[in-house]
Amino acid sequence: MPKIIPPPGVSDIFPEEITAWYELEAAARKVFPLYGFGEIRPPIFEFTEVFQRGLGGETEVVQKEMYTFEDRGGRSLTLRPEGTAGVMRALAGTDAANGVEHRVFYMGPMFRGERPAAGRKRQFHQTGVENVGHEANPGLDAECIAMLCHFLQEAGITGYNLLLNTRGVQSDRPASEKVLAEHFRAHLDEMCDDCKERINRNIWRILDCKQECCRKIIETAPDPAEFFSQESKDYFAKVCDLLAKQNIPFTVDRRLVRGLDYYVHTVFELTHSGLGGQSAIAGGGRYELTLPGLKKPLPGVGFAAGMERLLIVREALGVKAPEARHPQLFLASLGEKALAFNSELAAKLRKQGISAALEYEAKSMKSQMRSADRLKADYVLVIGDSELEQGRANLKCMADGNETAVSFDELATVLAK
Ligand code: HAM
């Protein structure tokens, strides 16, 4: 059959794959409410300004990866590339703007025009949380990371690394940017073209560069956090201390800056070797978001995990999801009368919670048994005139071929077992 393929970087999720998704979603819906988080479902697209202002105009996502279009009313709209900015836009209209804490989680599709690769898609799914409104507090940051680890444990994911760093606050930046600029300017000739640009536009992004020629220079760069205020250093030390007390292992990675501009203080990323090329399964941190119409930036802390990437890791770890649901019972019909009876019986059984299937046109027994096989039915009941007369038939177990005589009245009870 010719395969009609979707656009690059997007894919279908078929019924055979969906049970693994259900398990991840169930893990999120179980764990996040334990920390007081309720589900929010913001829209898939927003005014472009929400992401431009929220994520920062200099970020790679805003500059190169957004799906932006004009609607019929001439408004510029963008498919959400991440969840945080939309959630903040939704909560900015509540008392969160006056310092009241809101705890929300979300899951769903996000869109980024990145070069597709294994684990890197243009439509991908995240599940994430945001704790919004409460002023910065190391306890909340540590709790957020603990919640992510708890979620992964519930989802069957082990063997990841937690990388942790601090971005300080806005007033910490000039001093550290100065020493970074001095270091990088001395090596400008050896650096990649992108980094030559970054030095003026967003120097922090250089720390993130994966190019071989830049890596060496980044390794010898001064640690920007050394130039932060004592208050910011103490904040980070407290987060580290709280994680250690909860036995959550982590590595401080002074090069971790994260790709979005809204972060302050704590940033973190979870990596897993089971992923291959794209190693980040989740990331997050504390942030302050500037949004249109808000007098002051809204504080929050949160994370998002990439669902496709979690599924790749689960598979590498050998975690099996239950098989997709198939019919418990296939009703085979010998003759028109039996067919009419079977279609009523199927309708009745389904209302009693038993999944049932049948062919709605007269077909040979061989062809009906082929259908039962294709559908992977657990049991088959063959009904003809004599079964109709007796009110009972043989229930055949497809796994071992055993047959048991069952009356039509007790069918639902027998199958429910
Ligand atoms: P992010 O690091 O951009 O953070 O994305 C979070 C996770 O989404 C990544 O670690 C990765 O697993 C997954 N992901 C990102 N891009 C792709 C892609 N193209 N294909 C497949 N998976 C992808 C954020 O989005 C922030 N909003 C997280 C956050 C919430 N920070 C604070 N609150």
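Good morning. The buried residues of helix H4 are covered by elements that include strand S2 (45-47), helix H2 (48-55), strand S5 (102-111), S6, strand S10 (280-289) and strand S11 (298-306). Contact here means heavy atoms within 4.5 Å, and buried means under 20% relative accessible area, exposed over 50%, and partly exposed in between, with a 1.4 Å probe and protein chains only. Helices (H or I, at least four residues) and strands (E, at least two) are DSSP runs numbered from the N terminus.

The model is a predicted one, in which local features need pLDDT of at least 70 and side-chain atom pairs count only at pLDDT 80 or more, while totals for chains, interfaces and linings use all residues. Residues are numbered from 1 along each chain as its sequence is written, and side-chain values use heavy atoms, with hydrogens and water left out.

H4 itself spans residues 84-91, and six of its eight residues are buried. These are Thr84, Ala85, Gly86, Val87, Met88 and Leu91.

I turn to the nonpolar cores, each a set of buried Ala, Val, Leu, Ile, Met, Phe, Trp, Tyr and Cys residues joined through side-chain atoms within 4.5 Å. The largest has 43 residues, and Phe32 and Phe151 have the most contacts inside it. Helix H5 (residues 138-154) gives the most to this core, with ten residues. A second, separate core of 29 residues includes Leu91, Tyr106, Leu260 and Leu298. Not counting residues up to four places away in sequence, Phe32 touches Phe37, Phe105, Thr127, Val129, Met147, Phe151 and Phe303.

Next, the cysteines. How many disulfides does a search of the whole structure find? The search finds zero, a disulfide being a pair of cysteine sulfur atoms within 2.5 Å. The sulfur of Cys192 is 3.7 Å from its closest cysteine sulfur, in Cys214, and is therefore too far for a bond. Both residues are buried: Cys192 has a relative accessible area of 12%, and Cys214 has one of 0%.

Finally, the second largest pocket. A pocket is an open set of points on a 1 Å grid over the protein atoms alone, where a 1.4 Å probe fits, with protein on both sides within 12 Å along at least five of seven lines; lining residues have an atom within 4 Å of a point. The lining comprises 19 residues, of which Glu17, Trp21, Leu311, Ile312 and Glu315 lie nearest the centre. H10 gives the most to this lining, with five residues.
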